Amino acid sequence: MPLVPMKKVLDEAIKGNYGVGAYNVNNMEQIQGIMRAASETRSPVIIQASRGALKYTNMAYIKYLAAAAVEDNPDIPIVLHLDHGNSLETCKEAIELGFTSVMIDGSLKEDSKTPTTFEENVRVTKEVVDYAHEFGVSVEGELGTLGGIEDGVGSGKVMLTDPDEAVKFIKRTGVDALALAIGTSHGAYKFKAKPTLAMDIINKVVEKIPGVPLVMHGSSSVPQELIEIINKYGGRLEKTMGVPMESIKEAIKRGIRKINVDTDGRLAMTGAIRKYLGENPGAFDPRTYFGAAREAVYQTVKGKMIDFGTAGHAGDYKPMTLEEMKRIYK
Ligand SMILES: [Zn+2]
């Protein structure tokens with residue numbers, strides 16, 4: 001099955017009332033670990049690349065790594081998604097490269113730091129939607145701003161999404177998915193104590209526009225055991241908390257369909273590499289410690305696919321032609 005548009009995968013998730021993880025990738029081992037988890041659990045999967053990842057992989061490598069994932073897993077629906085696109089230009093580049101979904105984060109200006117006005121956000125998002133849908137590509141927008149900064153993205157301030165504005169935004173832009181700011185933040189250092197998320201925002205938006213999949217960014221759980229492995233083997237991470245899995249499950253029940261996970265994959269890989277090299281000081285074959293990192297990504301993502309309810313849903317999606325894809329947006 002070729003790469004699929006995100007809208008179809010998330011529409012199926014609405015019907016089945018489950019969540020689909022969007023996992024950030026930068027290299028082969030991450031993609032392999034994620035795909036092994038998807039294949040074993042029979043899960044549709046969104047692999048996403050940030051602008052930082054596009055730069056790191058020199059664009060072509062990410063394109064062909066995604067193609068390899070497709071070839072290696074013909075029966076798993078895979079979405080290739082651009083995370084936090086900052087302009088129409090960046091989204092065009094990703095579409096050119098073969099991405100089947102793009103995020104235009106119009107909540108921030110092109111510098112990815114300065115918050116925009118509602119009208120500025122509508123304008124740039126609508127531009128991207130009009131362009132992307134012609135290619136059968138799905139679009140995610142964002143309204144409200146998350147805390148935290150990752151890959152240079154974020155204003156560092158939190159501004160929760162106003163549900164009435166969200167409804168207006170969806171109607172005026174035609175976005176296929178909308179990221180809400182409900183109190184999560186990017187990066188490893190999210191919370192000092194167990195967070196309270198503004199879950200009622202999800203219900204308020206879903207009540208008014210039930211058919212639009214909602215997205216939660218900054219949704220790593222930052223498991224303590226991963227922090228402990230890193231610190232046991234020479235790392236120095238401060239005590240921190242992520243979004244507890246029960247909060248994510250609650251959010252899925254209320255209407256969150258795409259759950260962005262980056263930090264947990266990073267922590268898993270770092271822990272595995274530190275542990276391997278700590279226990280095997282004579283090792284110098286990169287396959288040994290990158291192999292351990294790949295295994296750790298697989299374990300982490302597999303657990304999420306089960307917890308998010310994605311497992312077992314790979315068969316929900318049927319392959320489509322480009323013409324059929326374009327029609328889903330009409
Ligand atoms: Zn994000």
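Figure 1. His 217 is buried, at a relative accessible area of 0% (buried: under 20% relative accessible area; exposed: over 50%; partly exposed in between; 1.4 Å probe, protein chains only). His 84 is buried too, at 6%. The zinc ion is coordinated by His 84 (NE2), His 186 (NE2) and His 217 (ND1), at 2.0 to 2.1 Å. Donors are N, O and S atoms within 2.8 Å of the metal (3.2 Å for Na, K and Ca); water is not among the atoms, so sites may look incomplete. The donor residues follow the spacing H-x101-H-x30-H. The pair His 84 and His 217 links distant parts of the chain, 133 residues apart. His 84 sits in strand 3 (residues 78–85), His 217 in the loop between strand 7 (214–216) and helix 9 (224–232). Helices (H or I, at least four residues) and strands (E, at least two) are DSSP runs, numbered from the N terminus. This is a predicted model: local features need pLDDT of at least 70, side-chain atom pairs count only at pLDDT 80 or more, and totals for chains, interfaces and linings use all residues. Residues are numbered from 1 along each chain as its sequence is written, and side-chain values use heavy atoms, with hydrogens and water left out.

**Figure 2. The largest nonpolar core.** The core holds 73 residues. A nonpolar core is a set of buried Ala, Val, Leu, Ile, Met, Phe, Trp, Tyr and Cys residues joined through side-chain atoms within 4.5 Å. Val 45, Ile 78, Phe 99 and Val 102 touch the most other members. Helix 6 (residues 118–133) gives the largest share, six residues. Another core lies apart, with 20 residues, including Met 6, Val 9, Ile 46 and Met 325.

**Figure 3. Surroundings of Val 45.** Contact means heavy atoms within 4.5 Å. Neighbours within four places in sequence are left aside. Val 45 then contacts Val 20, Gly 21, Tyr 23, Ile 34, Met 35 and Ala 38, among others. Its partners also include Ile 76, Pro 77, Ile 78, Val 79 and Met 305.

**Figure 4. Helix 1 and Lys 7.** Lys 7 lies in helix 1 (residues 6–16). At 16% relative accessibility, Lys 7 counts as buried. Beyond four places in sequence, Lys 7 is in contact with Ser 138, Asp 176, Ile 328 and Tyr 329. Buried residues of helix 1 include Met 6, Val 9, Leu 10, Asp 11, Glu 12 and Ala 13. Just after the helix, Asn 17 takes a positive phi of about 55°.

**Figure 5. The largest cavity.** The structure holds three cavities of 30 Å³ or more. On a 1 Å grid over the protein atoms alone, a cavity is a set of points where a 1.4 Å probe fits but cannot get out; a pocket is an open set with protein on both sides within 12 Å along at least five of seven lines; lining residues have an atom within 4 Å of a point. The largest cavity has a volume of about 100 Å³. Grid points are joined across faces, edges and corners, and a volume is the space filled by probe spheres set on the points. Its lining includes Tyr 23, Asn 24, Asp 262, Thr 300 and Lys 304. Helix 12 gives the largest share, four residues.

**Figure 6. The largest pocket.** About 320 Å³ of space lies in this pocket. Of its 17 lining residues, Leu 226, Ile 229, Ala 268, Ala 296 and Thr 300 are closest to the centre. Helix 11 gives the largest share, eight residues.
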